[in-house]
Amino acid sequence: MALDKNGIAKRIAKEVKDGYYVNLGIGIPTLVANFVRDDIEVEFQSENGVLGMGPFPFEGEEDADIINAGKQTITTLPGASFFDSATSFSMIRGKHVDLTILGAMEVAENGDIANWKIPGKMVKGMGGAMDLVASAENIIVAMMHTNKRGESKLLKKCSLPLTGVGCVTKIVTNLAVLEIKDDKFHLLERAPGVSVEEIQNATEGTLIVDGEIPEMEL
């Protein structure tokens with residue numbers, strides 16, 4: 001059975017280690033904060049100038065003044081801090097973020113990512129994604145394996161305008177966990193009940209399947 005958005009976020013939360021500074025992009029990545037283990041300390045950063053984000057607030061407990069980069073209301077943990085965009089991007093460009101988790105429209109087998117623009121559609125701009133993918137050394141993409149037309153989003157080459165080149169390290173989709181290595185997608189895990197053949201059929205880029213592929217543990 002393919003994962004839903006919460007399932008993807010839950011699996012990515014396993015990649016978050018104690019003491020990490022983590023940037024969460026708009027969309028599925030924002031859900032990761034809800035699933036991080038209670039026994040570790042993690043600082044979630046948002047490029048609009050927040051460090052120390054917590055889970056999403058319960059309905060009725062929202063504070064409209066406390067938002068993330070996607071303009072969603074958030075909670076903050078004890079010791080959280082707020083600062084201007086210059087300081088926030090100094091943190092990003094200075095490589096002080098241990099892990100970046102962001103969404104994508106397309107990822108190529110060499111690690112290229114396209115996540116900001118579809119030609120012909122109105123767009124607000126690239127935002128902080130350009131800085132994040134250029135500066136971070138550990139980039140995990142959270143995305144659906146195929147688009148609404150059933151076409152693969154894991155490609156030999158991106159067709160949309162690029163956000164970053166050769167930067168993605170790992171991808172977690174509704175079907176699988178994949179690592180990008182040697183300009184190929186390497187299958188690490190499959191979603192519960194999803195076969196390797198299903199993943200192969202949904203992947204346009206070169207997919208390396210090495211031995212028995214375990215199911216994800218959520």
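Leaving aside neighbours within four places in sequence, Val32 is in contact (heavy atoms within 4.5 Å) with Ala9, Ile12, Ala13, Val16, Leu24 and Ile101. Val32 also belongs, with Val107, Ile113, Val141 and Ile171, to the residues that touch the most other members of the largest nonpolar core, which holds 53 residues. A nonpolar core is here a set of buried Ala, Val, Leu, Ile, Met, Phe, Trp, Tyr and Cys residues joined through side-chain atoms within 4.5 Å; buried means under 20% relative accessible area, exposed over 50%, and partly exposed in between, for a 1.4 Å probe and protein chains only. Another core, of 6 residues, lies apart from the largest one and includes Leu51, Met91, Ile92 and Leu132.

The model is predicted: local features require pLDDT of at least 70 and side-chain atom pairs count only at pLDDT 80 or more, whereas totals for chains, interfaces and linings use all residues. Residues are numbered from 1 along each chain as its sequence is written, and side-chain values use heavy atoms, with hydrogens and water left out.

The structure holds 0 disulfides, a disulfide being a pair of cysteine sulfur atoms within 2.5 Å. The sulfur of Cys158 lies 9.4 Å from the closest cysteine sulfur, that of Cys167, and is therefore too far away for a bond. Cys158 is buried, at 12% relative accessible area, and Cys167 also counts as buried, at 11%.

The largest pocket contains about 1,400 Å³ of space. Of its 42 lining residues, Ala104, Met105, Asn115, Trp116 and Lys117 are the closest to the centre. Strand S5 (99-103) and helix H3 (129-135) are the elements that each give two or more residues to this lining; helices (H or I, at least four residues) and strands (E, at least two) are DSSP runs numbered from the N terminus.

The second largest pocket has a volume of about 350 Å³. Among its 18 lining residues, Ile40, Val42, Phe44, Met53 and Leu77 are the closest to the centre. The largest share of this lining, 4 residues, comes from S4.

Key. 1 Å grid on protein atoms, 1.4 Å probe; cavity = no way out; pocket = protein on both sides within 12 Å on 5 of 7 lines; lining within 4 Å. Points joined across faces, edges and corners; volume = space filled by probe spheres on them.
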